[in-house]
Each structure stands twice: as structure tokens, then as C-alpha cells.
Amino acid sequence: MTAAQLHVTTSLPSISVRSPYDGSLVGTVDITDANKIGDLLAIARRGAAVSRTLPRHLRASILEGAAQIIECRRNSFAETIVREAGKTIIQARKEVFRCINTLKLSAEEAKRNAGEIVPFDAYVGSEKRQGWFTREPLGIIAAITPFNDPLNLVAHKLGPAIAGGNAVLLKPSELTPLSAVNLVGALLEAGLPHEIVTVAVGGVELGKALVSAREIRMVSFTGGFATADAITRLAGLKKLAMELGGNAPVIVMNDCDLDAAVESCVSGAFWAAGQNCIGAQRVLVQSALYGRFRDAFVTAANKLRVGDPLSEKTDVGPMISAQAAEQSEAVVNKAIAAGAKLLCGHRRDGSMYYPTVLERTPVNCSVWCEEVFAPVAMLAPFETLAEAIEIANDPEYSLHAGIFTNNLSMALDAANRIEASGVMINDSSDYRFDAMPFGGFKYGSLGREGVRFAFEDMTQTKVVCINRA
């Protein structure tokens with residue numbers, strides 16, 4: 001048992017974490033009994049009292065120290081991601097790099113986002129008053145994280161929460177808890193008092209106990225719509241931050257750099273075996289360019305090497321489980337039966353599902369109108385930008401979108417009209433920088449991640465006003 005695992009509250013048998021690639025045992029984590037929620041809250045209560053009194057420079061120093069520890073052990077952290085989540089080693093290294101950056105951004109936020117002067121004398125009758133507001137911690141935050149970014153998405157919750165002086169009860173995915181445990185271990189080694197973050201690993205009943213607890217001041221959740229809906233019904237009067245699914249459109253105009261657009265869209269569609277909420281799912285290509293783009297896209301998809309995620313030569317690793325791959329195969333089968341044309345892929349081998357490209361997909365198919373969360377991309381032609389934007393905006397929820405064009409005026413017009421929280425110009429929809437605001441648009445949009453914005457969600461304002469009369 002590692003030092004980090006000593007801080008996982010236990011009382012039930014352990015979970016065996018297995019590689020989605022070959023089923024080998026990666027490690028074990030003890031299960032937290034949902035009936036022990038009182039014990040978890042007692043630890044977090046002490047943690048909240050300790051955390052709020054930590055000077056900002058010490059919060060920043062701990063976060064910086066954890067970033068340095070992870071940097072020194074980046075190969076080990078990357079290998080854990082590969083083995084428990086199935087990301088390729090190249091993709092895992094990028095996630096580790098992003099985690100380090102997220103912690104550093106959080107350290108900066110701890111030092112600078114303290115509040116503002118309030119100009120009371122700007123209002124008639126308040127000429128002799130002056131004051132300010134500060135940003136104060138909420139208290140105890142429940143953080144629930146998914147499998148697809150098992151390190152950096154945890155950092156996106158822990159970093160801002162610690163910077164803001166809160167305590168956290170962290171429930172990572174049961175499929176990929178080891179990266180989260182290791183991250184908490186790095187924070188502890190950097191000097192974080194152990195009561196401030198408690199890892200709790202378990203299933204639905206544990207989740208229900210956490211989100212419904214009255215002492216929890218905020219639930220920060222990344223995952224699917226069904227779970228989010230259940231959380232909102234259980235949570236009661238507390239803050240909610242929900243980073244849910246997407247169905248990203250990418251618009252490719254006739255005047256774009258074809259090679260760059262193809263390369264970016266292929267990466268955007270198949271990165272992390274398509275298990276990416278901002279991955280390029282619907283690629284809309286202007287009709288005069290459609291044939292050339294389609295042929296180049298399919299050629300590039302067919303060249304992607306599928307296999308052992310620890311190999312430097314692998315482009316696409318396994319999905320998180322054989323069941324996930326089977327579900328992907330099933331939704332594509334339904335689309336083909338409904339009239340979609342298969343251009344490449346649609347081959348499954350256990351948890352491996354090969355990069356799949358469709359065209360002529362009926363818009364009522366689930367693979368078109370819902371998040372597919374698999375290495376599946378659909379191509380479709382359009383005539384005018386107005387038509388493309390109408391298609392792009394059709395789903396009731398969204399995260400990111402992309403557009404490729406050399407016409408800046410057209411790109412900015414599209415950015416204004418596309419209903420998404422982020423529009424990437426001459427990048428695939430899956431570009432994300434960890435300092436930018438990130439979250440849902442339209443249905444299911446609650447809060448924003450991105451370090452500064454999560455920090456502000458995880459704190460509350462307190463006004464101090466002095467009457468000099």
C-alpha cells in the first residue's frame with residue numbers, strides 16, 4: 001500500500017483495477033462503505049477548518065510542490081494512466097503535463113484571486129464609506145470524476161478547491177482510481193494536511209450519500225447526463241458544477257488548409273479512443289471540398305495504429321472496457337441498418353474498437369444526435385455556412401465546436417452564431433487549454449471548469465464596509 005492509499009477511508013473489500021487492454025492487474029484500492037459517510041464528513045469538517053486557515057502562500061507552495069513531485073515522477077504517473085485507463089503512452093504523457101500545469105495555475109490563483117475594492121463612494125449617500133470584498137472558502141466540496149482523464153480532471157477539482165481554502169471528499173471513477181490516489185499522495189508529500197482531501201472509492205450508494213449530505217456545500221461532477229440528473233435531485237440546497245457530455249461539430253469550409261484540417265480532425269476524433277467529451281464527432285464539410293476531404297480523412301484514419309497502449313508506435317489504444325467497445329459497435333450497427341454508409345473501421349477485438357468513419361448518417365440515429373464517446377466520426381456535406389451552423393446547433397447540448405477557414409470574418413461570424421461554450425478556429429473541437437473557461441452550453445450547463453473559473457465557483461464573496469462618518 002502506498003502512502004497515498006493510507007488516506008483512503010476503508011471498511012469493505014478492495015477493488016481490483018485491471019488494464020482495459022489485457023486484463024492484467026494494475027493495483028487495488030479499498031472500497032469506502034457508504035454507511036460511513038458520517039466518518040468521512042467528520043474528517044472533512046476538520047479539514048475545512050484547517051484549510052481555511054492556511055495562508056495563501058502555503059496553499060500555493062503545496063500546489064507548486066505537488067506539481068514538482070509529479071514532474072519528477074512523470075513517467076510513473078503516465079504509465080499508471082496507460083495501465084488503468086488504456087490511453088496510449090504519448091497521450092498519457094500529455095495528460096501528466098497538463099496536470100502539472102493545472103496545479104501550477106491553481107497555485108497562482110491561490111495568491112492573486114483575493115477579491116476587489118468596492119467603490120462605495122460611486123453611489124450617492126455612500127461618500128464616506130469604503131471597503132472591499134474577499135473570496136472565502138465554501139467549506140466541504142464533493143468531487144466526482146470520470147475515467148477518461150483520470151489524473152488531470154482530478155487536478156481540475158482539487159487544485160482550485162485547495163487554492164480556495166476548502167476541504168474535498170473525492171470520489172474518483174472505480175475504473176481508474178489509482179491516478180487520483182497518486183495525485184493525492186503527491187499533495188500530501190508536498191505538505192497538504194491529510195484531512196483536507198479524503199479519497200472515497202465506491203459505487204452508486206456512496207455517491208448518493210456524498211451528494212445528499214447536508215454539510216456538503218458544493219458538488220463538482222464530471223460525467224454523464226443520467227448521473228447528473230440524479231445528483232441534482234438528491235443534492236438539495238448546495239452549489240452544483242456539472243461538466244457533462246458533448247456532441248462536437250467541426251465545420252470545414254472550402255477555403256481552408258485541407259491537410260491541416262484533416263490532420264486536426266483525425267486527431268480530434270480518435271484521441272483517447274474517442275472517449276473525449278469535446279472530440280470531433282460530426283465533421284461538416286462544404287460540398288466542393290467534401291470528396292477530397294473524405295478521401296484524405298479515411299486514408300489517415302486507416303493509417304492509425306491500434307494496439308498496445310504502452311507502445312510508442314500506437315496511435316489508438318483500447319476503450320475503457322470490452323462492454324464499452326460492444327456498445328460502440330452496436331450503435332454503429334444501428335446507424336448502418338438505418339442507412340449510414342461505412343467508410344472504414346467498425347472492427348472490434350475485445351476492448352479494441354478500430355477508428356470508424358461514417359457518412360450519410362440519418363440525423364435521428366443516436367450516433368448522430370447523442371454523444372457517442374467512442375472512436376467514431378461522421379462526415380456530412382453542406383452548401384452554405386448558414387446550413388452548417390443550423391446542423392451544428394441541432395443537439396440540445398454542446399461543449400465545443402470547431403471551424404476551419406482562411407476567412408477570419410467568416411470564422412468570427414460563425415463563432416458568434418454557433419451555440420457552444422468554445423469555438424476553435426482552425427483547430428479541432430478538442431483543443432483545450434487548462435486556464436480557459438470550460439463547460440456545457442444549453443441543456444445541462446452548470447458552472448465552469450478552468451482553474452480561475454472553478455476557483456470562483458468554489459469560493460464565496462464576503463463584503464467589508466467601513467463607515468468613516
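**Aromatic contacts**

Modeller: A search of the whole structure finds 5 aromatic pairs, where rings of Phe, Tyr and Trp (its six-membered ring) pair if their centres lie within 6.5 Å, and where planes under 30 degrees apart count as stacked, over 60 as edge-to-face and the rest as tilted. This is a predicted model, in which local features need pLDDT of at least 70 and side-chain atom pairs count only at pLDDT 80 or more, while totals for chains, interfaces and linings use all residues. Residues are numbered from 1 along each chain as its sequence is written, and side-chain values use heavy atoms, with hydrogens and water left out.

One of the pairs joins Phe147 and Phe373, whose ring centres are 6.0 Å apart and whose planes stand at 80°, so this pair is edge-to-face. Phe147 lies in the loop between β5 (140–144) and α5 (152–163), and Phe373 in the loop between α12 (366–369) and β16 (376–382), so the pair ties together parts that are 226 residues apart in sequence; the helices (H or I, at least four residues) and strands (E, at least two) are DSSP runs, numbered from the N terminus. Phe147 is buried, with a relative accessible area of 17%, whereas Phe373, at 22%, counts as partly exposed, given that buried means under 20% relative accessible area, exposed over 50% and partly exposed in between (1.4 Å probe, protein chains only).

Another pair, that of Phe225 and Tyr397, is tilted, with 4.4 Å from centre to centre and 45° between the planes. Here too distant parts of the chain are linked, since Phe225 belongs to helix α8 (residues 225–235) and Tyr397 to strand β17 (residues 397–398), 172 residues apart. Tyr397 is buried, its relative accessible area being 10%. Ring pairs also bring in Tyr443, so that Phe225, Tyr397 and Tyr443 are linked into a cluster.

Aromatic rings take part in contacts with charged side chains as well: the charged end of Lys94 sits over the ring of Trp271, 5.0 Å from its centre, and Arg432 lies over the face of Phe438, at 3.8 Å from the ring centre. For such a contact, NZ of Lys or CZ of Arg has to be within 6 Å of the ring centre and within 35 degrees of the ring normal.
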